[in-house]
Amino acid sequence: MTTKQVARIYKALSNENRLEIFLSILQYEQKDFNTGCDCIVTQLMSKLCIGAPTISHHLKELTDAGLITTEKQGKYLVARVNQPVLDQIRHQFDQIK
């Protein structure tokens, strides 16, 4: 992972709403791992009290940074953490002494 990629990730997470969205997606995945439940964006909207256009903007920033992936499932948008990128970020932190 290049320093440019890392900076882009940190920039995306430096926004309070985006960080909350990312952590919520991560939490949904960890909590519902056994049931296979995905994080549906409408759940985020109701949890964070943020409108659809704002959520959409933040999801685009998180996607552009490579932190999440999104896909349409019928009328719903489902967001998932990009696990390989998360693993690389964790590895970066493990290197700090």
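1. The expected span of a helix is 1.5 Å times one less than its number of residues. Helices (H or I, at least four residues) and strands (E, at least two) are DSSP runs, numbered from the N terminus. The model is predicted: local features need pLDDT of at least 70, side-chain atom pairs count only at pLDDT 80 or more, and totals for chains, interfaces and linings use all residues. Residues are numbered from 1 along each chain as its sequence is written, and side-chain values use heavy atoms, without hydrogens and water.

2. The chain contains 5 helices and 3 strands, in the order α-α-β-α-α-β-β-α from the N terminus. Of its 97 residues, 33% are buried (under 20% relative accessible area, with exposed meaning over 50% and partly exposed in between; 1.4 Å probe, protein chains only).

3. Helix H4 spans residues 52-64. Its 13 residues reach 18 Å from first C-alpha to last, close to the 18 Å expected. Ile55, His58, Leu59 and Leu62 are buried in H4. These residues cover an arc of only 105° around the axis (taken from the directions from the helix axis to the C-beta atoms), which puts them on the same side of H4. Just after H4, Gly66 adopts a positive phi of about 85°.

4. Helix H5, residues 83-94, has 12 residues and reaches 16 Å, close to the 16 Å expected. Val85, Leu86 and Ile89 are its buried residues. They fall within an arc of 100° seen down the axis, so they line one face of H5. The face turned away from that buried side carries the exposed residues Pro84 and Asp94.
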